[in-house]
Amino acid sequence: MTQSKPADLGMRAADPPPTDAEVAVGLLSDSPLRIGRHVFQSRLLLGTGKYPSHDVMRAAHIASGTECVTVAVRRVDLSGREKSLLDWIDRSRITLLPNTAGCFDADEAVRVARLGREAGLSELVKLEVLADPLTLLPDPIATLDATRRLVKEGFVVLPYCSDDPILCRRLEEAGAAAVMPLGSPIGSGQGINNPRNIRAIKESLHVPVLVDAGVGTPSDVTIAFELGVDGVLLNTAVAQAHDPARMGAAMRHAWIAGRHGFLAGRIAKSDHARPSSPTAGTIAAGGS
Amino acid sequence: MPSTITIQLNGEARQLAADATVRVLVAQLRLPVERIAVEINQEILPRAEFDRALADGDKIEVVTFVGGG
């Protein structure tokens, strides 16, 4: 379903009904999310920043069921006192996705991507080239430039980008393994500001579309998946929640609800009410 | 040959023995080799080349993963 064409959106033939056991444990059939050589059963990607503690982060990751988390590349603490974040990430279950956060031009981002690859021995990179520290909006030109360069160097590039369908198409042409349009500005919690663009991006691309940034609450995640996206990446909404582990669990339910809502195919909207019960045979209209 | 060299480590000047290598530096700092990446003068130094001698004036960056989104 991840490769569905526009005409298929919400219109695919019905799957065989799930067994009672499948329904009981929520194991409805779905294809995994594939990015490069990586295969993920969970379509929820989480960050590792802004948690009150590493222990809380680990609990939230487990509760969310995530199989992929972003990490940032920074200078080591030369005092040697800082504990390594990686001790709180079970790498047998969770894939690291190094980011280039904090970069404001393509050269810097390419340099940080190389460092991330060396430190993590992974070719995956969440490419982030921001325009300025105030808006934190991605610079589309520099992002496209850096994508081209990193693809040439063998990276599996996931560019964080504007919610512009044409830019996303260009990024796909440049060899991006997935595109990550923003829902709304980083850390803003505004949700999906431009759902029509997100849908248009999904309808015109072949690579996975992952909504990144701006998610505030579980219903935002559900809405993204109902639009047909292949995944959602979020950080602050879980990390800064009053109870991050509980919010992680809520996000897990939210993506599963949205994903299956999308696959099930929603009803068409109508301007008028339509009765759910038969209109014939009512005793009131039957006369005496 | 002078007995020490001065390098820039993550932006800070640091004196090392003239025959110091990246491996020696990393060991001094007690850093986990498998979780860091090293750049010398803006070029990645692969782990297999950590025994390369450092030179006076080298700009070294040692990075690792921290929390991020």
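A crossing of two helices is called right-handed if the near helix is turned clockwise from the far one by less than a right angle, and left-handed if the turn is anticlockwise. Keep that in mind for the views below, which come from a predicted model.

Figure 1. Chain A has 9 helices and 10 strands. Of its 288 residues, 48% count as buried.

**Figure 2. Helices α7(A) and α9(A) pack against each other.** Here helix α7 (residues 218–226) meets helix α9 (residues 244–264), with an angle of about 25 degrees and axes 7 Å apart. Angles under 35 degrees count as roughly parallel, so α7(A) and α9(A) are roughly parallel to each other. The crossing of this pair is right-handed. On the α7(A) side, look for Pro218(A), Val221(A), Thr222(A), Phe225(A) and Glu226(A). The partners from α9(A) include Met247(A), Met251(A), Trp255(A), Arg259(A) and Phe262(A). What classes of residue make up this contact? There are 10 nonpolar, 2 polar and 2 charged residues.

Figure 3. Helix α3 (residues 106–120) packs with α4(A) at an angle of about 40 degrees, and the axes are 9 Å apart. The two helices are therefore oblique to each other. This crossing, too, is right-handed. From α3(A), the contact uses Ala106(A), Asp107(A), Val110(A) and Ala113(A). From α4(A) come Ala142(A), Asp145(A), Ala146(A), Arg149(A) and Leu150(A). Sorted by class, the residues are 6 nonpolar and 3 charged, with no polar ones.

Figure 4. Is Thr147(A) buried or exposed? Buried means under 20% relative accessible area, and Thr147(A) has a value of 0%, so Thr147(A) is buried. Now find the side chain of Thr147(A): one of its polar atoms lies 2.7 Å from the backbone oxygen of Thr143(A). Which residues does Thr147(A) touch, leaving aside those up to four places away in sequence? You can pick out Leu127(A), Val157(A), Pro159(A), Leu171(A), Ala174(A) and Ala176(A).

Technical notes. Residues are numbered from 1 along each chain as its sequence is written. Chains are lettered from A and ligands numbered from 1 in the order in which they are written. This is a predicted model: local features need pLDDT of at least 70, side-chain atom pairs count only at pLDDT 80 or more; totals for chains, interfaces and linings use all residues. Side-chain values use heavy atoms; hydrogens and water are left out. Buried means under 20% relative accessible area, exposed over 50%, partly exposed in between (1.4 Å probe, protein chains only). A polar contact is a pair of N or O atoms within 3.5 Å; within protein, one must be able to donate a hydrogen and the other to accept it, and residues adjacent in sequence count only if both atoms are side-chain atoms. Contact means heavy atoms within 4.5 Å. Axes are lines fitted to C-alpha atoms, for helices over the stretch in contact, and angles run from 0 to 180 degrees between N-to-C directions. Helices (H or I, at least four residues) and strands (E, at least two) are DSSP runs, numbered from the N terminus. Angles under 35 degrees count as roughly parallel, over 145 as roughly antiparallel, 65 to 115 as roughly perpendicular and the rest as oblique. Ala, Val, Leu, Ile, Met, Phe, Trp, Tyr, Cys and Pro count as nonpolar, Asp, Glu, Lys and Arg as charged, and the others, Gly among them, as polar.
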